[in-house]
Amino acid sequence: MTGNNLSDLSWLLPPPADFSARCRALGGEGEDLGNRVRALASHALDENQLDRLSKVITQAQIEGRSLAPLTSFRLGVLGNGTWDFIVPALITSAARHGVALECIQGGYDQILQDAQSPTSAINSARPNAVLIAVDYRGLPLHFVPGDPAAADAAIGRSVSFIAAARAGVAENSDAVCIVQTLAPPPEPLFGSLDRAVAGSPRSVIETLNREIVARVQRSPDVLFDVAALAELVGLANWHSPAEWNLAKLPFSSDYLPLYADHVGRILGAMLGKSRRCLVLDLDNTLWGGVIGDDGVTGIKIAQGDPIGEAFLSVQRTALLLRERGVILAVSSKNSDEIARQAFREHPEMLLREEHLAVFQADWTDKATNIKAIAEQLSLGLESLVFLDDNPAERELIRQMHPAVAVPELPADPALYARILCAAGYFEAVAFSGEDRSRADFYRDNARRITLQKQAADLSAYLESLGMKITFHPFDAVGRSRIVQLINKSNQFNLTTRRYTEAEVVAAERDPDCFTLQVRLADIFGDNGMISVVICRRRTVTWYIDTWLMSCRVLGRDVERMVLREILHHAARHGIGKLVGVYRPTDRNKLVKDHYAKLGFTPVTYCDDGSTEWELSTNTEIPPASMVVERAGFANVDSETVAESGVARNAEVSI
């Protein structure tokens, strides 16, 4: 494996020799089908293997067999090419990313007709999302080199075409659109002057791509940058004139596994399944050599040394990932004191201790330690990526913790960073200011845990945090983070309902909806938005449609303060009763007793394990030790009230 040819998904293990037999075994009886499907999908499969496994998945869906913990997702596909060969690869690749995918195809080159007809197969299926997979050959583009006016007209027609398709989908199915950029043809007309000449194919398509990106970024829709993917493998490789002429394949079949994997990771990101934490080995992963043997001065991370620069590129990539919100941790078989010397003393080290949420260097096996890292960060193992040069350590984690992503690494450390980024573990469909701060949130939370261990008792610990909780209704400023939390939160999520940005906007504007976004800060810093609530009114009752929280603030009385805030507003809206529902999943057992602990009375027990709970809005909830601020609510008292018996607590309405 060289790592230079990314089309073979070289970060994944090759398929087992008995792949076909394993596929057949999936069709028989057996438990844990979803995990077994995902395990088999998580290999570097070729087109035939992708097709074979997709048939197993589709048959299981037809038979009504559970694919949990894979999340069901219905995807419509609108394109101007032939998709019969591509859809099976999408289904299998989606399973790799935690999605049980069902695909509905539109008619060949019937993009606008299918998008705008309420009775089309796609709109009738009410998909969760629609992939608008049009390339430059399916748009009203006419290239007239040297004619700026004609170029602008062609771009305008194409923008309108894509906009009409998106509007039709939104109106007729309420689905989110996944909108592709366009891979330009590789044949140059002017050589190096192509980009500079108005009306040339390269100039027109690049301008059109910029317009597509800008418009999608201003909407609830999702971007799929096919142009960047084609550039990654080379435009001349991406486009296959023979396959287009023969079968109208929109790209070379050589890149079908790569394309399908990118669609799968986007769907996973839409469902909150992207990884959040990168766990790094040290020796021969962050630097060359073994620090216990070679000492600080002997390890290789220096500029000017080709080996040292290879490892610096890993550190540089880790820091960039941290800047976009990925949490960094270290797990190394090493003496803690010796391992930290490199971070504290080596002048060429880019990573420092303050960049790491957890630093774990000891002689315990890494499977045990990685589980401890996940617990300390209040993350599931499925949120972790483990980067280690040692094949034996990689295999140990795969065997002991199959939920952890473990990329295969090439022999050349110069390619480690490329493989890590190409694997798409941290795929994003949105990016907010809070995302940039996430790594700091988790690092600070680890410090809070340390303080808690030092405190005499829990109340003293909570008092020492100096917490301030802030309540707002949903608004445009917090919207992207609200959508992100709704679609990512799994453990502390009472109903795990998922909403698109358009649906969140609808809740904001619905007079019968009460919405709440909650932030928390303390002496260690701002935790950011940590809770989201949606209540829907039915006469004089509020039904708690959505209540989720970040697990990193558990045990800090936040649940009690959120309920207190809900009751505060319910009374002012003439609400007499709250009704909360717990809908069990494989991930949210943490909150099974949530309503019972808060004083709700059980009223309904369902066969699927769901429970319904009631609470009178006259219920008094004692305050916790934190300052409360409110902003953005109509008809809320503006005076400051000191809470009795809690010296630190006050409420401030802004």
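The conversation below turns to a sheet and then to a single residue.

Mentor: This is a predicted model, in which local features need pLDDT of at least 70, side-chain atom pairs count only at pLDDT 80 or more, and totals for chains, interfaces and linings use all residues. Residues are numbered from 1 along each chain as its sequence is written, and side-chain values use heavy atoms, with hydrogens and water left out.

Trainee: In what order do the five strands of the open sheet lie?
Mentor: The order is E2-E1-E3-E4-E5, with parallel pairing. Strands (E, at least two residues) and helices (H or I, at least four) are DSSP runs numbered from the N terminus, and two strands pair if DSSP finds at least two bridges between them.

Trainee: Which are the edge strands?
Mentor: Strand E2 (99-105) and strand E5 (222-224), each of which pairs on one side only.

Trainee: And how many bridges join E4 to E5?
Mentor: Three, with strand E4 covering residues 176-180. Val 179 stands opposite Leu 223 in E5.

Trainee: Changing topic, where does Val 314 lie?
Mentor: Val 314 is in helix H14, residues 306-323.

Trainee: Is Val 314 buried or exposed?
Mentor: Val 314 is buried, at a relative accessible area of 3%. Buried means under 20%, exposed over 50% and partly exposed in between, using a 1.4 Å probe and protein chains only.

Trainee: What is Val 314 in contact with, leaving aside neighbours within four places in sequence?
Mentor: Its contacts (heavy atoms within 4.5 Å) are Thr 285, Leu 286, Leu 387, Pro 413, Tyr 416 and Ala 417.
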